[in-house]
Amino acid sequence: MLFLAIDRSGSPTNNNIYMLASVLPSGRSTTDVMFVRSTDGGLTFSTPHRINDDANFQAKWHWFGTFAVAPNGRLDAVWYDNRNTADDSSQLFYSYSTDAGLTWSPNVAVSAAFNPHEGYPNQNKIGDYITIVSDSTGGNVAFSATFNFNPNRGQHEEDVYYVRVFPSGAATPTPTPTATPTASATATATATATATATATATATATPTVTPAATPTPTPTPTARPSPTPRPEPSSRPRPTPAPRP
């Protein structure tokens, strides 16, 4: 597995060509994470540099190495490594360089150990599903691991995980802890319970606070007295006119 990247930082290391690979050295049965660079457009390359720094490296596996170049020229490398286990269980390790790959920081584990021999599709290997994208302050890593055990199938399942790695300003990088599926499930259950309780309280309070409506009595109208009829006016006699001459 080989990765190639070109420095586009605009710094003095701009246009450097970098390559990183998991290499099986001659006479060995295990691999190392090796790095080379070119500062003349690929005409020549440096002597390979081993990034994994464990003392017993010849007896251990360092595999699926990948790396990226940050916008400020920093190099971030991650790989799987079984130096801390008695079997083939592996962890994700991280190292960085701020001098174009001449020197690398002390290696640091950024995940728990997992069994790489279980996973999609045939349950005999995890597959090379790993990558990193770097920014000015750190690297964003997506990688496959088998932390999740399925009791119904009696085996671990392969999932994709995320971890952010970054230099701490000291000799050893400080990684962000890897989130687990269990934590996500717990948070979801809590949110559901809260929503249910709120809805119930609202429904119960509604009939309690609303008072029963009391009918307002309608006033009985007072009968008006019947008017007294006015007498008809008496006819007045008209005078008899005098005879005309």
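View 1. With a relative accessibility of 18%, Arg-83 counts as buried, because the term buried is used for residues under 20% relative accessible area. This close-up, like those that follow, is taken from a predicted model. Arg-83 meets the side chain of Asp-81 in a salt bridge, in which the distance from N to O is 2.9 Å, and both of these residues are buried. Asp-53, Asp-54, Asp-81 and Arg-83 are linked together in a network of salt bridges, and the structure as a whole holds six salt bridges. Side chains of opposite charge can pair when their charged atoms come close.

**View 2. The salt bridge between Asp-53 and Arg-83.** Here the side chains of Asp-53 and Arg-83 meet in a salt bridge with an N to O distance of 3.1 Å. The pair links distant parts of the chain, for the two residues are 30 residues apart, with Asp-53 in the loop between strand 4 (49–50) and strand 5 (62–69), and Arg-83 in the loop between strand 6 and strand 7 (91–97). What is the relative accessible area of Asp-53, and is this residue buried, partly exposed or exposed? Asp-53 has a relative accessible area of 40% and is therefore partly exposed, whereas Arg-83, at 18%, counts as buried.

View 3. When its neighbours within four places in sequence are left aside, Asp-76 is in contact with a number of residues, among them Thr-66, Phe-67, Ala-68, Ser-95, Ile-132 and Gly-138.

**View 4. A nonpolar patch on the surface.** Leu-2, Leu-4 and Ile-6 form this nonpolar patch, and together they have about 290 Å² of accessible area. Leu-4 has its place in strand 1, made up of residues 2–6. Is Leu-4 buried or exposed? Leu-4 is exposed, because its relative accessible area is 53% and the term exposed is used for values over 50%.

**View 5. The whole chain, as a setting for the close-ups.** The protein chain has one helix and 11 strands, and, read along the sequence, the pattern is β-β-β-β-β-β-β-β-β-β-β-α. Of its 245 residues, 35% count as buried, while the accessible surface comes to about 15500 Å², with 59% of this belonging to carbon and sulfur atoms. Among the contacts with a separation of 6 or more, 45% are accounted for by residues 24 or more positions apart.

View 6. The chain averages a pLDDT of 78, and 67% of the residues score at least 70. Over residues 170–174, however, pLDDT stays under 50, and the model has 15 contacts beyond four places in sequence for this stretch. Over residues 176–215 the pLDDT is also below 50, and this stretch has 10 contacts in the model beyond near neighbours in sequence.

Methods: Residues are numbered from 1 along each chain as its sequence is written. This is a predicted model: local features need pLDDT of at least 70, side-chain atom pairs count only at pLDDT 80 or more; totals for chains, interfaces and linings use all residues. Side-chain values use heavy atoms; hydrogens and water are left out. Patches are made of residues with over 30% relative accessible area and no salt bridge: like charges are joined within 9 Å, nonpolar side chains (Val, Leu, Ile, Met, Phe, Trp, Tyr) within 5 Å. Accessible areas come from the Shrake-Rupley method with a 1.4 Å probe; for residues, only the protein chains shown count as cover. A salt bridge is a side-chain nitrogen of Lys or Arg within 4 Å of a carboxyl oxygen of Asp or Glu. Helices (H or I, at least four residues) and strands (E, at least two) are DSSP runs, numbered from the N terminus. Buried means under 20% relative accessible area, exposed over 50%, partly exposed in between (1.4 Å probe, protein chains only). Contact means heavy atoms within 4.5 Å. pLDDT is the predictor's confidence in each residue, from 0 to 100.
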